[in-house]
Every structure is written in C-alpha cells, then in structure tokens.
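Hello,

Here is the structure you will be taking over. My notes follow below it.

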Amino acid sequence: MLFLAFMAAPIVYAVYLSFQKTQVTGLGLGSGARKQVFVGFENYVAALSDPEFGASIGRVLLYGLVLVPAMLGLALLFALLLDARGTRAAGFSRVAIFLPYAVPAVISSLLWGFLYLPGVSPFYFVFDALGWEAPDILSSDLVLFGIANIALWGGVGFNMIVMYTSLKAVPTEIYEAAKLDGATEVDIALKIKVPIIAPSIVMTSLFSLIATLQVFAEPTTLRPLSNSLSTSWTPLMKVYRDAFTRDDIYSAAATSVVIALATLLLSFLFLRIVQKRAFGQED
Amino acid sequence: MTATATVPVDVPRLSKPRAGKDRASRGKPNWIATVILLLGALYCLLPVFWVVTASTKDGSELFSTFTFAPSSHLWDNIVELTAYRDGVFWRWMLNTALYAGVGALLSTYVSALSGYVLAKFTFPGKNTVFSVLLMGVLVPGVILAIPQYFLFAQVGLTNTYWSVLLPQIISPYGIYLARIYAAASVPTDVIEAARTEGAGEMRIFSTIATSMMLPGLVTIFLFQFVAIWNNFLLPYIMLGDDGLFPITVGLNGLLNQGATVPALYTLVITGALLSVLPLIAMFLLLQRFWRVDLAAGAVKA
C-alpha cells in the first residue's frame with residue numbers, strides 16, 4: 001500500500017500531467033479562466049524535439065561512456081589486487097578506497113571543485129613549478145571529465161567492495177587446483193576469478209549505468225565555480241529548470257517520463273545483451 | 001598463531017595478526033599489487049587531506065599559500081561557522097541526522113516487514129508485486145522526485161519534514177534485499193512451530209523473524225542511511241525554508257552565495273569537513289557490515 005502511495009501514484013500522476021497543458025481562455029482573468037486540457041502527445045513532441053534535451057542526453061551518454069568503464073575497470077582491478085596473494089597493507093588500502101563512498105556527492109563535488117580552481121589547486125602549483133601551462137578543468141571542454149572524476153572517486157570503492165565480497169565467497173581450493181596445473185596468478189585472476197564474479201560485475205554495471213543517467217548533484221554543485229555548466233547540462237537538471245524556474249510542469253513531467261522510460265529500456269537492453277552473451281558462452 | 005608458522009622467514013613482519021590469517025597475505029609480498037593499491041588509496045584520500053588542511057586556513061591564505069600547507073585557523077573557522085546566521089549550520093547537521101536516522105530506521109522496518117511477507121507468505125498478486133518492485137529497483141527514487149513534488153504540493157505537504165522523510169521510507173532495493181535475507185535466514189519450520197504455540201503473525205515477525213534477520217537488517221539500515229544522507233535532489237526540490245535543510249542542500253546554498261562573497265568559501269570548506277566526520281566515523285566503526293553481495297540476489301531472483 002505504501003509502495004502504491006509513494007511510487008506508483010507519482011508515476012501515474014506524472015504520466016497524467018504529461019498529457020496536459022494549461023490553456024488560458026477568454027481574457028485570462030478569474031478562477032475559471034485557466035484550466036488544464038488534454039493535449040495528447042504534444043508535450044512529448046516538444047520535449048523530444050527540444051535541442052537542449054538532445055544536447056543534454058548526448059552529454060550524459062558521453063559522460064557514461066567515460067565514467068562507467070573507467071570506474072568498473074578500476075574497481076575490478078582493485079578488487080583482484082586485494083584478493084591477490086602477497087598484497088601488503090590491503091586492509092588500509094581497502095578502507096581508504098572505500099571511504100569516499102561516505103562522502104555525499106555534494107560535498108565531494110565541492111572538494112574537487114576547489115581542487116580544480118586555479119587559485120587553490122595543487123595541480124596548478126605543480127604545473128606552475130614546472131613552467132607548463134595547466135589545463136583548465138572547469139572549461140567547457142574538460143568539465144565533463146572533471147565531473148566524471150568526481151563520480152569515479154565516489155563510486156569506485158563501493159563497486160570494489162561488491163566485487164571483493166563475491167571474490168571472498170569463492171572457495172580457495174579452486175585456486176590451489178589451478179596452481180597445481182601451472183596457472184600463474186594473472187591467469188587465475190583473468191580466467192577464473194573474473195568469470196566467477198561476472199554476475200557482480202553485471203549488477204554493478206547496471207547500477208552505475210542508472211546512476212549515470214540521473215547525474216544531478218555534481219554539476220549543480222559545481223555551477224557556482226564554473227560558468228561552463230548550463231542549467232540544462234543534464235536531462236534531470238533540465239527537468240528541474242522547466243518545473244521550477246520556468247513553471248512549466250507539464251513539459252517537465254513529459255521529460256521525466258521519457259527519462260524513466262529510457263532508463264528502463266536501457267536496463268532491460270543491457271540485461272538482455274549480457275544474458276545472451278552468458279548463454280552464448282555456455283554452448 | 002598458526003598462520004605465522006606457515007609463512008616463509010623472509011616475509012617482513014609488517015602485517016597485523018588479523019591480516020596474517022587472510023589468504024591474501026600469505027606467500028611472497030606482491031609489491032606491484034601493493035603499490036597500485038596504495039596509489040589508489042592516495043587518490044581517494046587526496047581530497048580528504050586537502051579539506052583538512054584547507055579548513056585550517058583563513059580567507060586570504062586559502063588562495064595564497066600552498067595547497068597542503070596547514071595553518072592555524074581551524075578553531076576560528078569553526079567559531080565563525082557556528083556564529084553564521086545563529087548557528088544555522090548545526091541546525092542543518094541536526095536535520096540531516098534526523099532525516100537519515102529516522103528515515104533509515106523506518107525504511108528498514110518497512111523493508112523487513114515487506115521482505116518477510118514476500119518471502120514467507122503466498123497471496124494473490126504476489127508475483128506482480130515482486131516484478132513491480134524489481135522495476136522499482138531499476139528506476140530509483142530520484143527520477144520520481146519531481147512527480148512526488150507535484151503530488152505533495154497538491155496535499156500541501158511540501159516544505160515540511162514529512163516531504164523528505166516519507167518518500168524515502170519505501171526503498172525497493174531495501175525490500176528486495178530483505179526478501180533475500182528473510183528467505184535465507186528464517187526457516188519456515190520455526191514460523192510454523194511458533195504458530196502452533198499460538199503466537200500471532202505480528203508477534204512472530206517482531207520477535208522471531210527480526211532477530212534472525214538482524215545482520216541483514218543492519219546492512220539495509222546502513223544502505224538507507226547513506227542513501228538518505230547523500231540524497232540531494234529530493235530535499236533540494238521539496239524544501240524552501242532553510243531551517244529545514246539537510247547539510248547537503250545547505251552547503252550547496254552557501255557555496256552559491258560564495259560566488260559573490262568569497263569570504264564564505266572558508267565556511268563552506270570547514271562545514272564540509274565537519275559534515276563528513278560523523279559519517280567517516282560511522283563507516284570505520286561499522287565496516288564489517290559492508291558485505292554487499294548484489295549478485296547473490298540476482299541469481300536467486
């Protein structure tokens with residue numbers, strides 16, 4: 001019941017709103033003058049043909065393309081190294097890498113935002129000392145990578161822990177057997193460990209993908225420090241602006257339905273591809 | 001210490017006793033792996049070092065001295081932050097603790113109950129409920145935040161504590177995890193035995209099932225706590241009165257003002273440091289509960 005009230009109802013209401021529009025009749029005076037009318041797919045057509053929406057989707061896709069493989073690749077590398085024989089100080093590294101997960105996105109964007117600022121950044125200090133010209137991470141070309149770095153910093157530890165947990169569940173005997181057959185540590189990692197924890201990798205990819213589509217807090221926090229982030233930099237920021245700055249809740253509703261559908265579609269597509277591949281290997 | 005007996009003599013005795021039992025630490029030291037991991041750790045700690053040193057600087061030092069050179073103004077900054085607008089910062093901290101603490105508790109309870117019911121009872125429409133739930137896992141709450149705002153606006157609940165608490169009580173992911181834990185840890189025999197003894201269903205749940213599911217419930221609680229603490233969009237949308245803000249929204253607002261009043265930057269940085277301390281402490285204390293096995297669930301579903 002609670003589920004209905006807080007999850008289903010907003011969805012239904014959003015879908016309802018997305019088909020509506022305020023129409024001003026007569027002179028626009030009096031309480032009856034403004035009313036909602038049914039407009040069919042008009043809001044959707046407007047939302048989808050809005051170049052700003054397309055641009056924000058493009059940015060998010062590029063962002064995801066940069067972030068997800070880098071984050072999961074690093075997480076997998078760290079997890080395997082933690083699990084490898086003879087790694088020293090593994091406990092310290094594990095906690096240190098996981099720690100950023102405790103830092104809210106707003107705070108981490110704030111910290112990195114300052115680290116990117118030329119006046120404060122240690123990187124600029126180093127570049128200055130070497131006499132090189134430092135890249136401006138907050139410029140419009142590079143800010144996407146700057147934001148991806150923030151998300152990577154916050155997410156890599158969590159994904160590492162997920163993968164490491166499933167590595168721990170694997171019985172050691174398997175490795176011993178492989179070792180007897182002459183497999184090296186790297187062989188074991190790539191040919192035994194990675195396939196065994198594949199389900200974890202799939203799940204973390206899926207959750208990262210979804211999180212990518214709804215990036216909001218990082219760019220919103222960075223905006224005061226960088227003037228290369230528009231108010232519609234990501235799809236969700238555009239929804240926010242339409243709903244609250246422009247007071248156009250109908251088109252905002254239509255856009256959020258589109259984002260929700262896109263997320264679902266992408267998730268199912270991803271799972272399908274992965275499943276096919278998994279079955280393909282079994283043949 | 002049987003573990004130490006098995007390691008070759010040339011191993012430096014750096015590893016702690018606990019780590020010595022770990023299978024990862026046996027054998028020759030693997031320096032490449034160690035160095036790569038330490039580099040990763042350095043990367044992850046870098047901003048933390050920075051915020052610690054930066055919060056000891058006053059406004060002019062922030063932009064003039066070397067990044068990691070500490071100064072002596074930490075206490076001044078804390079005093080100034082506390083004085084800022086009659087201590088609104090501590091109000092934000094309290095709000096955050098309230099949202100995250102109460103929200104996570106309620107959410108864990110609801111998740112436990114729903115997960116238990118889904119795992120141990122059969123009722124018409126059960127499978128439908130579960131597939132809707134799975135879809136809910138895939139479309140997380142953030143996308144729902146804006147429609148939720150419109151609904152709450154209709155009933156006049158926006159800009160209240162409720163508007164942030166209520167939507168976060170339901171967590172599809174929490175319910176999903178709770179279902180797995182309930183199925184794995186509460187034997188059906190025990191429930192039936194309790195029933196024959198004449199215990200009511202709610203009593204079985206609250207006395208027997210919850211204690212069996214407890215380790216799993218702690219994990220759900222931690223998950224929800226961090227999720228609510230990190231949530232930015234929902235309170236950002238729902239709240240207009242800055243007396244109700246959680247720390248994330250409050251600091252974001254402060255940073256926005258900092259663009260015109262750079263003196264506020266030191267306050268923002270000090271605030272950032274103070275706000276992550278409790279979470280980091282909680283993390284280190286409860287570390288052993290972070291055993292997240294997403295895949296175990298995926299296989300069973």
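**What was found**

In chain A, 45% of the 283 residues are buried. Please keep in mind that this is a predicted model. The model scores are an ipTM of 0.70 and a pTM of 0.75.

Chain A

The secondary structure of chain A consists of 13 helices and two strands. Taking the contacts in chain A between residues at least 6 apart in sequence, 70% join residues at least 24 apart.

Thr263(A) sits in helix H13, which covers residues 249–282 of chain A. Along the chain, Thr263(A) and Gly86(A) are 177 residues apart, and 42 Å separates their C-alpha atoms.

Chain B: a pair of helices

Two packed helices are described by the angle between their axes and the distance between the axes. In chain B, helix H6 (residues 88–120) and helix H9 (residues 161–169) have axes that come within 8 Å and cross at roughly 30°. H6(B) is therefore roughly parallel to H9(B), since angles under 35 degrees count as such. The crossing of H6(B) past H9(B) is right-handed.

Which residues make the contact? From H6(B) come Tyr99(B), Val102(B), Gly103(B), Leu106(B), Ser107(B) and Val110(B). H9(B) supplies Val164(B), Leu165(B), Gln168(B) and Ile169(B). Sorted by type, the residues of this contact between H6(B) and H9(B) are seven nonpolar, three polar and no charged.

Chain B: confidence

The average pLDDT of chain B is 73, and 77% of the residues score at least 70. Where in chain B is confidence lowest, and where is it highest? The lowest mean, 34, belongs to helix H1 (residues 2–6) of chain B, and the highest, 86, to H6(B). H6(B) is also one of the two helices in the pair described above.

Two stretches of chain B should be read with their scores in mind. Residues 1–25 of chain B have a pLDDT below 50, and this stretch has 23 contacts in the model beyond near neighbours in sequence. For residues 293–301 of chain B the pLDDT is likewise below 50, with 19 contacts in the model beyond near neighbours in sequence.

Regards

Terms used. Residues numbered from 1 in each chain as written. Chains lettered and ligands numbered in written order. Predicted model: local features only at pLDDT ≥ 70, side-chain atom pairs only at ≥ 80, totals over all residues. Helix = DSSP H or I, 4+ residues; strand = E, 2+ residues; numbered from the N terminus. Buried ≥ 20, exposed ≤ 12 C-beta atoms within 10 Å, placed from the backbone. Contact = placed C-beta atoms within 7 Å. Axes fitted to C-alpha atoms, helices over the stretch in contact; angles between N-to-C directions. Parallel < 35°, antiparallel > 145°, perpendicular 65-115°, else oblique. Left-handed = near helix turned anticlockwise from the far one by under 90°. Nonpolar A, V, L, I, M, F, W, Y, C, P; charged D, E, K, R; others polar. pLDDT = per-residue confidence, 0-100.
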